[in-house]
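Here is a short briefing to read alongside the model on your screen. Have the sequence and the 3D view open, and follow the topics in any order you like.

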Amino acid sequence: MRQSEASTSTAVRARLPGWRNATEGPADLDAALCAVILAQVAVEEAHPLASSAATLLAAFVDRVGGRVLTTLDQAVARRRNDPALTSGERERLDAAAALITGRRWGRETRGAARPGA
């Protein structure tokens with residue numbers, strides 16, 4: 001079963017993921033959803049955990065490798081359709097996907113290493 005996608009938030013607080021929209025699906029989609037959520041935080045300049053999220057994202061993508069990329073478009077679409085996301089979170093999805101695919105590695109990641117580099 002697929003865990004529901006947790007909403008990112010500028011407020012720093014713990015969130016437990018829900019199971020209200022759990023579905024069957026490939027493990028690669030779980031990996032891609034995790035990467036998208038981390039990337040959404042990483043690209044939100046004002047988020048106090050943006051730098052940490054970028055560092056964790058780099059390590060995560062390095063560990064799971066290409067598995068994230070095989071279902072990235074599907075993961076972004078699922079996040080975009082999540083009714084719990086704010087408009088700002090939706091607006092950052094393209095930047096988050098670009099970060100994952102390596103098109104934005106550099107200064108925006110606040111020093112995090114590019115996955116696989």
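Helices (H or I, at least four residues) and strands (E, at least two) are DSSP runs, numbered from the N terminus. Q40, for instance, is found in helix α1. Please keep in mind that this is a predicted model, in which local features need pLDDT of at least 70 and side-chain atom pairs count only at pLDDT 80 or more, while totals for chains, interfaces and linings use all residues. Residues are numbered from 1 along each chain as its sequence is written, and side-chain values use heavy atoms, with hydrogens and water left out.

**Overall make-up**

- The protein has 6 helices and 0 strands, and from the N terminus on its elements run α-α-α-α-α-α.
- Of its 117 residues, 40% count as buried; buried means under 20% relative accessible area, exposed over 50%, and partly exposed in between (1.4 Å probe, protein chains only).
- The protein exposes about 6400 Å², and carbon and sulfur atoms supply 54% of that area. Accessible areas come from the Shrake-Rupley method with a 1.4 Å probe, and for residues only the protein chains shown count as cover.
- Contact means heavy atoms within 4.5 Å. Among contacts with a separation of 6 or more, 67% are between residues 24 or more positions apart.

**The nonpolar core**

- A nonpolar core is a set of buried Ala, Val, Leu, Ile, Met, Phe, Trp, Tyr and Cys residues joined through side-chain atoms within 4.5 Å.
- The largest one here has 26 residues, and V36, L57 and I100 have the most contacts inside it.
- Helices α1 (27-42), α2 (50-64), α4 (72-80) and α6 (93-101) each supply at least two residues of this core.
- Which helix gives the largest share of this core? That is α1, with 10 residues.

**Helix α1**

- This helix has 16 residues and reaches 23 Å from its first C-alpha to its last, close to the 22 Å expected at 1.5 Å a residue. The expected span of a helix is 1.5 Å times one less than its number of residues.
- Its buried residues are L29, A31, A32, L33, A35, V36, L38, A39, Q40, V41 and A42, and the buried residues of α1 pack against α2, α3, α4, α5 and α6.
- Q40 has 0% relative accessibility and so counts as buried. Q40 and A95 are 55 residues apart in sequence, yet their C-alpha atoms are 7.7 Å apart in space.
- L33 and D73 are 40 residues apart in sequence and 9.9 Å apart from C-alpha to C-alpha. D73 lies in helix α4 and is exposed, with a relative accessible area of 66%.

**Helix α2**

- In α2, A50, A53, A54, L57, A58, V61 and V64 are buried. They cover an arc of only 150 degrees around the axis, which puts them on the same side of α2; the arc is that of the directions from the helix axis to the C-beta atoms.
- An α-helix has 3.6 residues a turn, so residues three or four places apart point the same way.
- The buried residues of α2 pack against α1, α3 and α6.
- Just after α2, G65 takes a positive phi of about 65 degrees.

**Salt bridges**

- The structure holds 4 salt bridges, a salt bridge being a side-chain nitrogen of Lys or Arg within 4 Å of a carboxyl oxygen of Asp or Glu.
- One of them joins the side chains of D28 and R67 (2.8 Å, N to O). D28 is in helix α1 and R67 in helix α3 (residues 67-70), 39 residues apart. D28 is partly exposed at 24% relative accessible area, and R67 is partly exposed at 36%.
- E44 forms a salt bridge with R92, their closest N and O atoms being 3.3 Å apart. E44 lies in the loop between α1 and α2 and R92 in the loop between α5 (87-91) and α6, so the pair ties together parts that are 48 residues apart in sequence. E44 is buried, with a relative accessible area of 7%.
- The side chains of D94 and R80 also meet in a salt bridge (2.9 Å, N to O), linking helix α6, where D94 sits, to helix α4, which holds R80, 14 residues apart. D94 is exposed at 52% relative accessible area, whereas R80 is partly exposed at 33%.
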